[in-house]
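Subject: Structure for your files

Dear colleague,

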Amino acid sequence: MVDSGGTIGRRSFLSRTARVSGGLAAAVAAPSLLRSADRNETIRVAVAGIRGRGRNHVDGFSTEDRCEVAAICDPDTRLLDGVASSATGRQGKAPAKMADLRRALDDRTIDALIIATPDHWHGPATIWACQAGKDVYVEKPAAHNFREARLMVEAARKYDRIVQHGTQSRSAVHIHKAVELLRSGDLGRIIQAKAINSQKRANIGKKKDAPVPPGVDYDLWLGPAPKRPFNPNRFHYNWHWFWDYGTGDMGNDGVHQIDIARWGLGDLPFPNAVSCGGGKYHFDDDQETPDTQTVVFEYDDTTLVYEMRLWTPYREHGVENGNVFYGEKGYMVFDNHGWRVFWKGSEAGPSGGHVNDRGADHRKNFLECMRTRKRPIADIEVGFHSSALCHLGNIAYRVGRRLRFDRKKLEIVGDREAHEMLGREYRKPYEIAEVI
């Protein structure tokens, strides 16, 4: 029988998080994995959001040694039985089924929350999980907005939690080798890095509001987002293209390339200024987010450029989604499959290929860090810095102005409208406290 995430679980966790906000966090959020000093202990995880990427996480974590998918959570309860059956077949033990991820946070036997929900749930779920003493693997982008991502870092540090961000390229061996070459100086100083998100996506059409499908807890799915009528175009997957829930393809897919670009430039954090041009030039449909976007992030002595075209059936520099680093002596191009260097005059230089399963290695790194309590390879602070560029780029697009950013105060300077878009208003009872 499906556990619908009823009032006992909700009241229990919500009352606890209220006490956390009031300053009793240390007593409430005792770390659940202090027993992890025993490296043979089985780690029990809950997976929140079980379509697409979440289903992949259920399959992956249920096959890891000394790891058990103890619970699966999704407001679309129609998905629970099939995914639970798959997990049972893989690990020999059935996970609990629940609509509300907060029921998993109430379970003191669960050690970690794997978050593959829509973007607007990433921040609240991560912060609440840290407060509940859980470690977290949260999919990209780190949050729905800048403020949430910053608070996720604060929560991880305050409650001493392991929080892995889902930018799996940080676990790709060939990218590590490429970054080593970039930093060796062989290409000279890197003047500019370009993140390319060039692919062909589908037109989602135009759909009318409709009744909520049976088995869907739509109020729970909306969570902190504004109350709106149900529309199938704002639901499964297509939520990416609406500002209430998603961050466009810049936060959905482009964050991977932005993370690599920032990494190759020396893990630069925040820019001095951001400007963005673009729009909906190809799709005549319900999408709010752009299908074409060019963002320029200005640093002291370099620029990071993000280019997005969601209507292109061809490759650029031989890559669909990838990166180019322009140095004084040559340039480097790479994607998920490999990298190659070209010297002046386009003479071919060294190259390397893809040699490991970065998704599996990323997952294993998270589990290993849960046991050792060392920070993971894509720690939430790394995720914050990369996701922050997506949030700033989208704000620049939405207001249509070049934005100046104070890197110490973490504020947009001289533009009140843009600065207010660093956060959002929350629908009760899904607020995030100012003090976590």
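This is a predicted model: local features need pLDDT of at least 70, side-chain atom pairs count only at pLDDT 80 or more; totals for chains, interfaces and linings use all residues.

Residues are numbered from 1 along each chain as its sequence is written, and side-chain values use heavy atoms, with hydrogens and water left out.

Strand 5 runs parallel to strand 4 (residues 112-115), and four bridges join them. In this pair, L113 stands opposite V136. Strands (E, at least two residues) and helices (H or I, at least four) are DSSP runs, numbered from the N terminus.

Ten strands form an open sheet with mixed pairing, in the order 14-13-12-11-7-10-9-8-15-16; two strands pair if DSSP finds at least two bridges between them. Its edge strands, strand 14 (348-353) and strand 16 (411-413), each pair on one side only. On average, neighbouring strands of this sheet are turned by 20° against each other, direction ignored. Strand 15 (residues 403-406) and strand 16 run antiparallel and are joined by three bridges. F405 has I412 of strand 16 opposite.

**Helices 6 and 11**

Helix 6 (residues 146-158) packs against helix 11 (residues 380-399) at about 175°, with the axes 9 Å apart. The axes are lines fitted to C-alpha atoms, for helices over the stretch in contact, and angles run from 0 to 180 degrees between N-to-C directions. That angle makes the two helices roughly antiparallel (over 145 degrees). On helix 6 the contact residues are F146, A149, R150, M152, V153, A156 and R157, which meet I380, E381, F384, A388 and H391 of helix 11; contact means heavy atoms within 4.5 Å. By class, this contact has eight nonpolar, one polar and three charged residues (Ala, Val, Leu, Ile, Met, Phe, Trp, Tyr, Cys and Pro count as nonpolar, Asp, Glu, Lys and Arg as charged, and the others, Gly among them, as polar).

**Helices 2 and 3**

The axes of helix 2 (residues 53-61) and helix 3 (residues 80-91) are 9 Å apart, at an angle of about 20°. The two are therefore roughly parallel (under 35 degrees). R55, V58 and D59 of helix 2 make the contact with V83, S86, A87 and R90 of helix 3. Three nonpolar, one polar and three charged residues make up this contact.

Regards

Methods: Angles under 35 degrees count as roughly parallel, over 145 as roughly antiparallel, 65 to 115 as roughly perpendicular and the rest as oblique.
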